[in-house]
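Subject: Handover of a structure, with findings

Dear colleague,

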Amino acid sequence: MNASVNAPKLYDCRDAFAATLERLATENEKVVAVCNDSVGSSKLGGFRSKFPERLINVGIAEQNMVGVGAGLANGGHLPYVCGASPFLTGRSLEQIKADISYSNANVKLVGISSGMAYGELGPTHHSIEDFAWTRVLPNLPVIAPCDRIETAAAVEWAATYDGPCFLRLSRVGVPDLLAEGHKFKLGKANLLREGSDVTLIANGTLTHRMLKAAEILTERGIGARVLNFATVRPIDEDAIIAAANETGAIVTAEEHSIFGGLGSAVAEVVVDNAPVPMKRLGVPGVYAPTGSAEFLLDEFGMAPSAIADAAQALIRRK
Amino acid sequence: MDTTELERLAREIRLRDLRAVFEAGAGHIGGEMSVIDLLTALYFRVLKVWPDQPKHPDRDRFVLSKGHTACALYVTLAKRGFIPEEEISTFLQPHSRLNGHPNCNKVPGVETNTGPLGHGLPVSVGMAKAAKLSGAMYHTYVVTGDGEMQEGSNWEAIMAAVQFKLDNLTLIVDHNRFQQGAALADTNDIAPLRPKLEAFGWEVSEIDGNNMHEIVPALEHRGDRPHCIVAHTNKGQGISFMQDRVDWHHKVPNKEQYEIAVAELSEAL
């Protein structure tokens, strides 16, 4: 409880992804990696060295990549299909729908460098629509881990889960938030900090910012509950309803458009079950200016102090 | 099954398909008639499958990428024993598992969901690659429409198949020269297909896709590269007033037309 936010070291979650995948491949010969000329950005270099036959690079061809993943699963393999998230999801969305989700193919989709990780490269390379695109698809868990520990746990969980899923990973460094040995549970939020005045909900690169915001709120005499929602679908309805009933106000923050992502998913549960004031922080339906991911998150009102201000304003609406 | 028996069976499948479309009031009868000879040869001569064990790991894989002709596949699967023959009468009915495009989680024998075009070949490349990785001996076959070859995803897969050295993959293009709204030649004419596939490194055969004497040896052919069979077929094959008429892509015959079609298909039985 009350996880530390002062860990000085930041970790690239892709390293945890790659190390876990290599270990899984050692244990299970059916594990294969499929990528689109993204060996470097998916950190699959080590995997390729150890399992050259099991690294399947389709070139720059995302629709084929997802279809090939479905075919590999049909043939009894356990494919992790990796690519930059904007192209993996956007370019091949219909393949994800028909070949993976609707066919219930046992394929693990791994969207790398999601959100605004490619900040300076511009909106074509921002992946701030991927929650919206994927979470409407049945059969497809959508998961955005908050640190390297949760990333490793989710990658390991995916290998045991009999069905498809979408893992959304960033390349922006984040501190450790969860305890070593943490086990991923699908659709289950993690309580990181207790509080009764407002609930802060986030995932991915925003969770540690939420914790910092909660510390600022504490200094202002406000108790903020912080929930880490790695799973966007299926969403933890119980945790949302409890947060609404017990704290009376909910702020969400995400490296995603405010339309159709985590905040929308939370809001859907709130309006159906326990209406309370909400504030959804994210990219407000615009294409972002140039800048790093960290800069852009600040620019869109997700600096810890800005989150705290938003929470404080929200509490006044209770 | 010999060629004569295959020809007779294809006629029976055409008749049952025709009746199903007539009774359901919907279907894609033109493309179903063009592809039925290929399906018949596959399921009754070529494919190594076990209807009582539809997920047998050694089974040959077959993907009907032109999923809108699902009815023809359902009738063929029923004749082969994957699903009850009487179930064909539920085609398109509420809650039937036999919807307008095949579903792999509901219909035994269907390997992957198809319907949107340009999906089957990439998935088939994955199936064939899986066999290469594990040393499995199964062969993967996929049927696309010729209009469907306008989808760019197919060309991504065509390149990958050669790169992956998939000599265990056969692509059959049902080249009936018509797509939904027009002749192929009047939209985005990708014919001739042979030089394009050959340029990408495939071995290509061209056959009369409505002639069992040409279909069977082409399907049984094995080489050292991915194999494409350009199957020249006729939309509406076997029914005189439908043949090569674009409006029979998904038109439903009226009672009079139905009776004429039944008579024509029954003649050679």
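In which sense do strand 11 and strand 12 of chain A pair, and over how many bridges? Strand 11 of chain A and strand 12 (residues 278-283) of chain A are paired in the parallel sense, over 5 bridges. Please note that this is a predicted model.

**Strands 8, 11 and 12 of chain A**

Within that pairing, A:I250 has A:M278 in strand 12 of chain A as its bridge partner. Strand 11 of chain A also runs parallel to strand 8 of chain A, and 4 bridges join the two. Here A:A202 has A:A253 in strand 11 of chain A as its bridge partner. Strand 11 (residues 250-257) of chain A is largely enclosed by the rest of the structure, because 8 of its 8 residues are buried.

A:I201 is a residue of strand 8 (residues 198-202) of chain A, and A:I201 is buried, its relative accessible area being 0%. Which residues surround A:I201, leaving aside its neighbours within four places in sequence? A:I201 is in contact with A:M210, A:L227, A:F229, A:I250, A:V251, A:T252, A:A253, A:L262 and A:V266. As regards A:T252, the C-alpha atoms of A:I201 and A:T252 are 4.7 Å apart, although 51 residues separate the two in sequence.

**The nonpolar cores**

In soluble globular proteins, nonpolar side chains tend to be buried together. The largest nonpolar core in this model has 71 residues. Those that touch the most other members are A:L109, A:F229, A:I250, A:V266, B:V125, B:L169 and B:W202. Helix 4 (residues 120-134) of chain B supplies the largest share of this core, with 7 residues. From chain A, the core draws at least three residues from each of domain 1 (11-174) and domain 2 (190-316).

Not counting residues up to four places away in sequence, B:L169 touches B:L121, B:S124, B:V125, B:A128, B:H139, B:T140, B:V142, B:A161, B:W202, B:P226 and B:H227.

Chain B has an open sheet of 5 strands, in the order 1-2-3-5-4 and with parallel pairing. At its edges are strand 1 (61-64) and strand 4 (203-208) of chain B, each of which pairs on one side only. From one strand to the next, the twist averages 20°.

Strand 2 (residues 140-145) and strand 3 (residues 169-175) of chain B are joined in the parallel sense by 6 bridges, and B:V142 stands opposite B:L171 of strand 3 of chain B. Helix 7 (residues 212-220) of chain B lies across strand 2, strand 3, strand 4 and strand 5 (227-232) of chain B. The angle between helix 7 and strand 4 of chain B is about 160°.

**Salt bridges**

Side chains of opposite charge can pair when their charged atoms come close. How many salt bridges does a search of the whole structure find over all chains? The search finds 31.

- A:R14 and A:D12 form a salt bridge in which the closest N and O atoms are 2.7 Å apart. A:R14 is buried at a relative accessible area of 7%, and A:D12 counts as buried at 16%.
- A:E27 and A:R23 form a salt bridge whose closest N and O atoms are 3.1 Å apart. Both residues lie in helix 1 (residues 13-27) of chain A, and they are 4 residues apart, about one turn of the helix. A:E27 is exposed, with a relative accessible area of 54%, whereas A:R23 is partly exposed at 34%.
- A:D309 and A:R220 meet through their side chains in a salt bridge of 2.9 Å, N to O. A:D309 lies in helix 12 (residues 304-315) of chain A and A:R220 in the loop between helix 8 (207-219) and strand 9 (224-228) of chain A, so the pair ties together parts that are 89 residues apart in sequence. A:D309 counts as partly exposed at 41% relative accessibility, and A:R220 is partly exposed at 34%.
- B:R8, B:E12, B:K79 and B:E85 are linked in a network of salt bridges.

Yours sincerely

Methods:
Residues are numbered from 1 along each chain as its sequence is written. Chains are lettered from A and ligands numbered from 1 in the order in which they are written. This is a predicted model: local features need pLDDT of at least 70, side-chain atom pairs count only at pLDDT 80 or more; totals for chains, interfaces and linings use all residues. Side-chain values use heavy atoms; hydrogens and water are left out. A salt bridge is a side-chain nitrogen of Lys or Arg within 4 Å of a carboxyl oxygen of Asp or Glu. Buried means under 20% relative accessible area, exposed over 50%, partly exposed in between (1.4 Å probe, protein chains only). Two strands pair if DSSP finds at least two bridges between them. Axes are lines fitted to C-alpha atoms, for helices over the stretch in contact, and angles run from 0 to 180 degrees between N-to-C directions. Contact means heavy atoms within 4.5 Å. A nonpolar core is a set of buried Ala, Val, Leu, Ile, Met, Phe, Trp, Tyr and Cys residues joined through side-chain atoms within 4.5 Å. Domain bounds come from an automatic or database domain assignment.
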